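Visitor: I have some questions about this model. Can we go through the charged pairs and then the sheet?
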Amino acid sequence: MDSVKAMTSSQMNVTSLDHVALWVADRDAIADLACGHLGMHVIERTDKFTLVGADARRFKLTLFAAEGPREPGALVAVILRVNDLGAALAALPPVDELERRDDGVVLFGAPEGLTLGLVQRETDLDYDLDHVVLRVEDADAMAQAMAELGFDRDGHRLFVAGSHVTLEGRGAPEGERPLLNHLAVLVDAAEAVEREVRASGAEIADVVDAANTLAVFVWTPGRIKLEYVEHKASF
């Protein structure tokens, strides 16, 4: 992606990391874990997807039905924040292994090859998003591209309203059956974002005008899709 015009999250009115969308063969398995052990509930379920989260207006997981098996690919982990890490770990079902990182994050395997994590932070909502970890071919190029698409950059960390994306290098382009469908950020006005994105030189993947949302999908390096979603008044 050629650098034409740098944008900030304030210019694009990016207000939060809204959701991580996944392609999964068994969406019920992840939904059951999220709802039974991670403080979430089913917000919406259709023939095509299941939406789960602790609060419909905060971070969510969108689980799209797809053929399996899926490849973890660029998605390393989704990390959720809780006020009491010990209590949150005690609420988990039996897992094969917990990986305790030096930064306080505890990782564990979930169905479909998904890796989730918990970290203790002061938060007004348990199981809100702390950060997403992505592994990409060129972390510098990806960080620059995301900074030009409205994220606030600090090295290989890209911030939006208290949550962030951490980039790791030495990855590979997404395969034919990636686990990650897209990352989504919430914006005030998707049409304004579309104009800004087109002016930046980025590639628009799709624009979807749905009943309760208006969304602009953008390709980033490594063919990782980023969605800018506006909640309509009917949301």
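Guide: Buried means under 20% relative accessible area, exposed over 50%, and partly exposed in between (1.4 Å probe, protein chains only). This is a predicted model, where local features need pLDDT of at least 70 and side-chain atom pairs count only at pLDDT 80 or more, while totals for chains, interfaces and linings use all residues. Residues are numbered from 1 along each chain as its sequence is written, and side-chain values use heavy atoms, with hydrogens and water left out.

Visitor: Is K232 buried, exposed or partly exposed?

Guide: K232 is partly exposed, at 27% relative accessible area.

Visitor: What does K232 form a salt bridge with?

Guide: D209, at 2.4 Å from N to O. A salt bridge is a side-chain nitrogen of Lys or Arg within 4 Å of a carboxyl oxygen of Asp or Glu. D209 itself is exposed, at 58%.

Visitor: And D130, which residue does it form a salt bridge with?

Guide: R81, with the closest N and O atoms 3.0 Å apart. D130 lies in strand β9 and R81 in strand β5, so the pair ties together parts 49 residues apart in sequence. Strands here are DSSP runs (E, at least two residues), numbered from the N terminus. Both D130 and R81 are buried.

Visitor: How many salt bridges by this rule?

Guide: The count is 14.

Visitor: Now the sheet. What is the strand order?

Guide: β2-β3-β4-β1-β13-β16-β15-β14, an open sheet of eight strands with mixed pairing. Two strands pair if DSSP finds at least two bridges between them.

Visitor: Which strands stand at the edges?

Guide: β2 and β14; each has a single partner strand, so one side of each is left without a neighbour in the sheet.

Definitions and conventions
Helix = DSSP H or I, 4+ residues; strand = E, 2+ residues; numbered from the N terminus.
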